[in-house]
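Subject: Structure handover

Hello,

Here is the structure I promised to pass on. Please open it first, then read my notes below.

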Amino acid sequence: MQKDISGTEGIRPEDRARLAEAGLELDALNRCGSFFQIDQKIVHTSCMEEGIEMYPIAEALRRFSWMGEYAWNLVSRDKDDITRYVAAQEEPKGYVIIARKGSRNVMPLQACLFLEHVPIQHVHNIIIAEEGAELHLITGCASSHRTDIGAHYGVTEFYVGKNARITTTMIHKWGEQIDVFPRSAARVEEGGTFLSNYIAMSPVKHVQMYPVADLAGRGAVARFHSIVVAPAGSHLDLGSRVLLSAPETNAEIISRSITRGGTVIARSHIRGGTEETRGHIECKGLILEDGIIHAIPEIEGRVTGTELSHEAAVGKIARDEIEYLMARGLDEEEATATIIRGFLDVRIAGLPAVLQKQIDAAIDAAEQGF
Amino acid sequence: MLTIENLHVDVAGKEVLHDINLHIGEGETHVLMGPNGSGKTTLIRTIMGFSNYTVTKGRILYRGRDITNLPIHERARYGIGMMFQRPPTIAGLKLGKLLIAASGNKPELVAEYAASMHMADFLERDVNAGFSGGEIKRSEVLQLMLQQPEFVMLDEPESGVDLENIALIGSAIAKLVEKDRHIVHRHKSGLIITHTGYILDYLEADAGHMLCDGEIRCHGNPREILAVIKSKGYRECIECKKI
Ligand SMILES: Nc1ncnc2c1ncn2[C@@H]1O[C@H](COP(=O)(O)OP(=O)(O)O)[C@@H](O)[C@H]1O
Ligand SMILES: [Mg+2]
């Protein structure tokens with residue numbers, strides 16, 4: 001049997017299960033490297049892939065004088081109370097990943113941000129893919145089964161270089177009294193691709209985020225997918241914004257939201273600021289139990305040569321779909337679960353199979369509850 | 001196999017079927033004809049148990065058991081199956097997954113039958129999403145082949161199907177109702193709605209019924225009924241009050 005990576009020995013069995021649901025592998029069998037931060041303590045940092053480096057952020061800032069230019073460059077220190085709090089920390093926590101020119105990881109890197117005891121866990125992450133690099137990252141954010149109350153503040157800056165590609169898949173597994181405030185931004189250079197996936201299937205008190213991707217170079221592409229379920233008591237205020245700032249840039253924002261009594265605010269905004277740009281928003285919500293799904297797709301065209309569209313739909317499962325499956329022998333519950341599973345089943349082009357599997361597993365685990 | 005007694009059915013607050021009586025014996029295949037809007041689809045959807053179809057009077061017996069108020073899936077599990085005329089699209093649900101469920105979890109059969117219906121390339125597609133008329137029919141027949149109902153109802157199986165597909169679908173349907181077996185060994189029954197009668201080129205029906213304005217106006221030899229419709233249209237049936 002493969003041994004667990006160092007620094008994670010103290011994690012209890014109940015929490016191991018929670019981390020697994022957040023897409024993390026303690027044995028790192030299908031990962032090329034790992035970063036584990038428990039509360040404010042970085043317990044493990046490793047990367048075995050050639051050309052890809054991972055550091056705790058404090059170390060990266062000490063080691064590379066130029067790193068200072070990347071920190072707080074895409075996200076402003078003064079953006080809001082969250083960023084000010086993170087910026088005020090004497091010893092920054094979080095990780096830096098540098099994928100050097102032309103590097104590529106077949107197995108993804110994993111980053112674990114695990115909240116156990118502290119009232120506020122803060123991180124500042126910087127991810128850089130240099131020219132032609134291809135970097136796949138999975139971030140599992142979870143709290144301990146014993147953690148009642150707490151908050152997570154996270155600032156993340158993604159730099160996608162010329163013809164580079166970053167895919168980032170974030171899976172949340174928090175608790176009913178946890179507040180979560182990620183603050184992320186990406187800048188994508190010529191020919192680069194930024195693919196961001198967010199999955200949240202379990203209870204949380206409040207998540208609020210609105211990451212933005214600036215497509216700054218010709219032909220850059222951004223795609224955001226979010227797949228979320230809000231149980232009663234959860235308030236998810238989620239958005240994605242893409243700025244089409246260079247010609248031939250292309251954006252897609254896809255969201256699937258389910259409420260089982262909680263609130264989902266599904267925001268999205270694409271701004272077509274240059275000629276020969278395209279953007280599409282697809283926003284679908286399913287109300288299983290009375291709750292709120294508030295879809296706010298915004299498309300903003302500023303020049304004649306931009307083509308933007310959106311489709312949004314919120315409702316319950318169609319009766320004729322349930323009955324169609326019942327006519328094939330499924331009972332009502334099975335039919336309903338099958339349709340919900342289909343609703344959440346978003347195939348993400350360009351994502352490595354191991355990560356698609358991880359997303360499928362997170363949804364499958366939640367399916368038991370439908 | 002199936003007996004319908006004095007059946008009255010409301011759809012959206014209006015009585016669509018009035019006093020229907022019908023008996024289909026084991027191993028028999030019947031055809032149901034009638035002008036548009038006469039209530040043919042309503043009849044088979046009522047037999048399947050869909051929620052918009054309210055039985056206000058009468059009953060439906062299947063193998064001697066009163067199924068009038070059973071939920072759809074129980075009827076399906078007793079052996080009743082149907083081909084939908086306009087099935088819904090189910091986003092995200094792959095046809096292959098539905099077929100495995102319909103087959104009672106026999107994935108090995110799915111691949112084989114899908115190939116025989118030229119649907120192997122559709123297993124990873126969302127159910128009915130962007131399917132053409134002929135593809136919908138092939139998919140519906142394929143689902144029934146895997147479901148193996150004892151009593152199968154088909155709603156206009158030949159409509160919207162091109163010549164190339166009609167032979168494929170026609171012979172698959174003939175198999176569904178065991179027309180490939182000797183009459184003595186035939187146990188499956190069917191009820192087929194047809195406008196054109198093309199389906200009769202692929203299987204012999206044992207009886208025909210003419211539905212008009214929600215009433216069955218006549219029973220008889222299917223080919224004879226069809227011949228009358230072909231020469232005189234439905235007018236004669238609409239005016240005919242005899243039964
Ligand atoms: N969902 C519905 N809502 C209202 N009326 C309906 C509905 N379904 C069927 N009907 C009506 O019932 C009658 C019979 O329809 P149908 O059974 O579809 O006829 P057929 O299949 O013979 O063409 C028609 O008058 C039709 O308009
Ligand atoms: Mg009809």
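Over all chains, a search of the whole structure finds 34 salt bridges. A salt bridge here is a side-chain nitrogen of Lys or Arg within 4 Å of a carboxyl oxygen of Asp or Glu. One of them joins the side chains of Arg16(A) and Asp4(A), at 2.5 Å from N to O. This pair links distant parts of the chain, twelve residues apart. Arg16(A) sits in helix α1 (residues 13–21) of chain A, while Asp4(A) lies in the segment before α1 of chain A. Helices (H or I, at least four residues) and strands (E, at least two) are DSSP runs, numbered from the N terminus.

Some ground rules. This is a predicted model: local features need pLDDT of at least 70, side-chain atom pairs count only at pLDDT 80 or more, and totals for chains, interfaces and linings use all residues. Residues are numbered from 1 along each chain as its sequence is written, chains are lettered from A and ligands numbered from 1 in the order in which they are written, and side-chain values use heavy atoms, with hydrogens and water left out.

Next, the interface. Chain B brings 27 residues to the contact and chain A brings 20 residues (contact: heavy atoms within 4.5 Å). About 1,900 Å² is buried between the two chains, and carbon and sulfur atoms give 60% of that. Buried area is the accessible area (1.4 Å probe) that two parts lose on being put together, summed over both. His73(B), Pro88(B) and Ile90(B) supply 23% of the area that chain B buries against chain A, more than any other three residues.

The rule finds two salt bridges across this interface. In one of them, the side chains of Glu334(A) and Arg77(B) meet at 3.3 Å, N to O. On chain B, α2 (72–78), β7 (90–94), α3 (95–102) and α5 (133–147) each supply at least two residues of the side that touches chain A.

Last, a sheet in chain B. It is open, with six strands in the order β6-β9-β10-β3-β11-β12 and mixed pairing. Two strands pair if DSSP finds at least two bridges between them. β6 (80–83) and β12 (215–220) of chain B stand at the edges with a single partner strand each, so one side of each is left without a neighbour in the sheet. β11 (residues 207–212) and β12 of chain B pair in the antiparallel sense over five bridges. Gly208(B) stands opposite Gly220(B) in β12(B).

Best wishes
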